[in-house]
Amino acid sequence: MSLTDPTARAAARDSILSRLRDTLGADSAAVARRREAVDARLGKVVAPTAPPLADDTAGMLARFRSEAEQMASTVVEVGGWGEVPAAVAAYLAEKGLGTRGVIAPELAALPWSTAGLAVEPREARDADLLGITGCFCAIAETGTLMLLSAPGSPATVSLLPETHVALVPASRLVPTMEAAFARMGEQAPGGQPPRAVNFISGPSRTGDIEQTLVLGAHGPYRVHLVLIRGA
């Protein structure tokens, strides 16, 4: 018997299992019943459980903001896209941060220079201190951003600079992580996921050394969210 043949391998396996059952004195009928029960359980689709969450825009916005602030993000709300550059400039001035940085190319059309910001639409480099991005989804349940890599939204812009400013349109709010993945499946180009999916819940942090929480250990020191109610 050649065990390179799939049929032969299956026969050998069944023979070994049969001898084991005989040695253990297992009741073949009982074994069959247990197998049927296991097969039925494995074949049963169980709907994921999730806590009750508001799925209206106002409810999701309030939940997202609360959760994001608990994760050490700062949040400001504006009425529309036209208010975004001034809101970003105001945040940078308040924190005493510079006005130079990089933006995701998909945001290049906004009037950044009118707010006194000198930003370049490109990937981030190690010397860049400010990165401004959009987001694919904002998950209300956990205050988490979901960012997809693409030519118009390089992953480095949110990961390398010390300060990450994310623009969050209200239309991008979803209640749960499951809803975010469902939206990605529906809207991914060609039905394929991107090369990178990044989830951001506040500034980067680590507690590896003596369980002392340190922000900005391997990414942005600060994350600022601009929630755009009219977008």
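The following legends describe views of a predicted model of the protein.

**View A. Overall dimensions of the protein.** The C-alpha trace spans about 80 × 45 × 40 Å along its principal axes. The radius of gyration of the protein is 26 Å, whereas a compact globule of 231 residues would have a value near 17 Å. Six helices and twelve strands make up the secondary structure.

**View B. The open sheet.** Six strands form this sheet, and their order is β1-β12-β7-β4-β2-β3. The pairing within the sheet is parallel. At the edges stand β1, residues 74-78, and β3, residues 118-121, each of which pairs on one side only. On average, neighbouring strands of the sheet are turned by 25 degrees against each other, direction ignored. In general, strands of a sheet pair through backbone hydrogen bonds, in either a parallel or an antiparallel manner.

**View C. The pairing of β4 with β7.** Strand β4 comprises residues 130-133, and strand β7 comprises residues 163-169. The two strands run parallel and are joined by four bridges. Within this pairing, Leu130 stands opposite Thr163 of β7.

View D. The protein exposes about 13300 Å², of which carbon and sulfur atoms supply 56%. Of its 231 residues, 37% count as buried. Among the contacts in the protein with a separation of 6 or more, 71% are accounted for by residues 24 or more positions apart.

Terms used: Residues are numbered from 1 along each chain as its sequence is written. This is a predicted model: local features need pLDDT of at least 70, side-chain atom pairs count only at pLDDT 80 or more; totals for chains, interfaces and linings use all residues. Side-chain values use heavy atoms; hydrogens and water are left out. Two strands pair if DSSP finds at least two bridges between them. Axes are lines fitted to C-alpha atoms, for helices over the stretch in contact, and angles run from 0 to 180 degrees between N-to-C directions. The radius of gyration is taken over C-alpha atoms; the globule rule is 2.2 Å times the number of residues to the power 0.38. Buried means under 20% relative accessible area, exposed over 50%, partly exposed in between (1.4 Å probe, protein chains only). Contact means heavy atoms within 4.5 Å. Accessible areas come from the Shrake-Rupley method with a 1.4 Å probe; for residues, only the protein chains shown count as cover.
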